[in-house]
Amino acid sequence: GVPGAFMSVLSLNMIENILIEQGAVSPAHILDELNKELSETLNKDADRPVSKFGLDVGLVSIEKSSDEVFILEFAGAHHPLLINKAGQLTEIKGDKIFPGMSKEKFRLHHMEIRKGDMIYLFTDGAGDQFGGEKREKLFSSRFREWITDRGGRCRRSQCNRREPRRP
């Protein structure tokens, strides 16, 4: 709704400023700075936080290590990152911190990824989608199954609805 849209626009503007003004590249540092700026903006004249709307966000940074290997860094607020490595799904959970409502620092997760690994960063509404032959709600477990099932396919064919199922 409107409060979520407001938080998204405000946060995106702040993240852009953090990237440009500070040259920050670490996802955890960016979220720490966002946390501080949102807190200062939303809670200026309050003894305790006045915002009742949390923000789910995940940030990823990828640096090339060699032709086949990359270093991925992730930090998230109530938001996971999924990585599919040849059908093996790994979930990196975000911290249970809402930016602007805590003094805690965000954890920085490091992971080596290789060419062909698939990375999924998605909205909290991804599991709320309807689909399939029965037009059922996807939910978190089916969403993860869908990602695992499509992990070995090229990016363009992952979302092709007419693609035949693998046996």
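Helices here are DSSP runs of H or I with at least four residues, counted off from the N terminus, and Ile 18 sits in the one called α1. Keep in mind that this is a predicted model.

**The chain as a whole**

- Reading from the N terminus, the order of elements is α-α-β-β-β-β-β-β-β-β-α.
- The protein chain has 167 residues, and 37% of them count as buried.
- Take the contacts in the protein chain with a separation of 6 or more: 52% of them are between residues 24 or more positions apart.

**Helix α2**

- Helix α2 covers residues 27–42, which makes 16 residues.
- From first C-alpha to last, α2 reaches 22 Å, close to the 22 Å expected at 1.5 Å a residue.
- Its buried residues are Pro 27, Ala 28, Ile 30, Leu 31, Asp 32, Glu 33, Leu 34, Asn 35, Leu 38 and Leu 42.

**The nonpolar core**

- The largest nonpolar core is made of 19 residues.
- Ile 30, Leu 31, Leu 34, Leu 38, Leu 55, Val 57 and Phe 106 have the most contacts inside this core.
- At least two core residues come from each of α1, α2, β1 and β2.
- Helix α2 gives the largest share, six residues.
- As a general background note, nonpolar side chains tend to be buried together in soluble globular proteins.
- Leu 31 is a handy one to click on: beyond the residues up to four places away in sequence, it touches Val 57, Leu 59, Ala 75, Gly 76, Ala 77 and Phe 106.

**Where α1 meets α2**

- The α1 and α2 axes come within 10 Å of each other and cross at roughly 125°.
- Angles of 65 to 115 degrees count as roughly perpendicular and those over 145 as roughly antiparallel, so α1 is oblique to α2.
- The crossing of these two helices is right-handed.
- On the α1 side, the contact is made by Phe 6, Met 7, Leu 10, Ser 11, Met 14, Ile 15, Ile 18, Leu 19 and Gln 22.
- On the α2 side, the partners are His 29, Ile 30, Glu 33, Leu 34, Glu 37, Leu 38, Thr 41 and Leu 42.

- Ile 18 has 1% relative accessibility, and the cut-off for buried is under 20%, so Ile 18 counts as buried.
- With residues up to four places away in sequence left out, Ile 18 touches Gly 23, Ala 24, Ile 30, Glu 33, Leu 34 and Glu 37.
- Between Ile 18 and Leu 31 there are 9.4 Å, C-alpha to C-alpha, and the two are 13 residues apart in sequence.

- Glu 33 belongs to helix α2 and is buried, at a relative accessible area of 13%.
- Apart from residues up to four places away in sequence, Glu 33 touches Ile 18 and Gln 22.
- Ala 28 is another α2 residue, and Ala 28 is buried too, with a relative accessible area of 7%.
- Leaving out neighbours within four places in sequence, Ala 28 is in contact with Ala 75, Phe 106, Arg 107 and Leu 108.
- Ala 28 and Gly 58 are 30 residues apart along the chain, and their C-alpha atoms are separated by 9.6 Å.

- For context, most residues other than glycine have a negative phi.
- His 78 is not a glycine, yet it has a positive phi of about 55°.
- You'll find His 78 in the loop between β2 and β3 (81–85), where it is partly exposed, with a relative accessible area of 31%.
- Ala 86 is not a glycine either, and its phi is positive at about 50°.
- Ala 86 is in the loop between β3 and β4 (88–92).
- With a relative accessible area of 75%, Ala 86 is exposed, since the cut-off for that is over 50%.

Note on methods:
Residues are numbered from 1 along each chain as its sequence is written. This is a predicted model: local features need pLDDT of at least 70, side-chain atom pairs count only at pLDDT 80 or more; totals for chains, interfaces and linings use all residues. Side-chain values use heavy atoms; hydrogens and water are left out. The expected span of a helix is 1.5 Å times one less than its number of residues. Buried means under 20% relative accessible area, exposed over 50%, partly exposed in between (1.4 Å probe, protein chains only). A nonpolar core is a set of buried Ala, Val, Leu, Ile, Met, Phe, Trp, Tyr and Cys residues joined through side-chain atoms within 4.5 Å. Contact means heavy atoms within 4.5 Å. Axes are lines fitted to C-alpha atoms, for helices over the stretch in contact, and angles run from 0 to 180 degrees between N-to-C directions. Angles under 35 degrees count as roughly parallel, over 145 as roughly antiparallel, 65 to 115 as roughly perpendicular and the rest as oblique. A crossing is left-handed if the near helix is turned anticlockwise from the far one by less than a right angle, and right-handed if clockwise.
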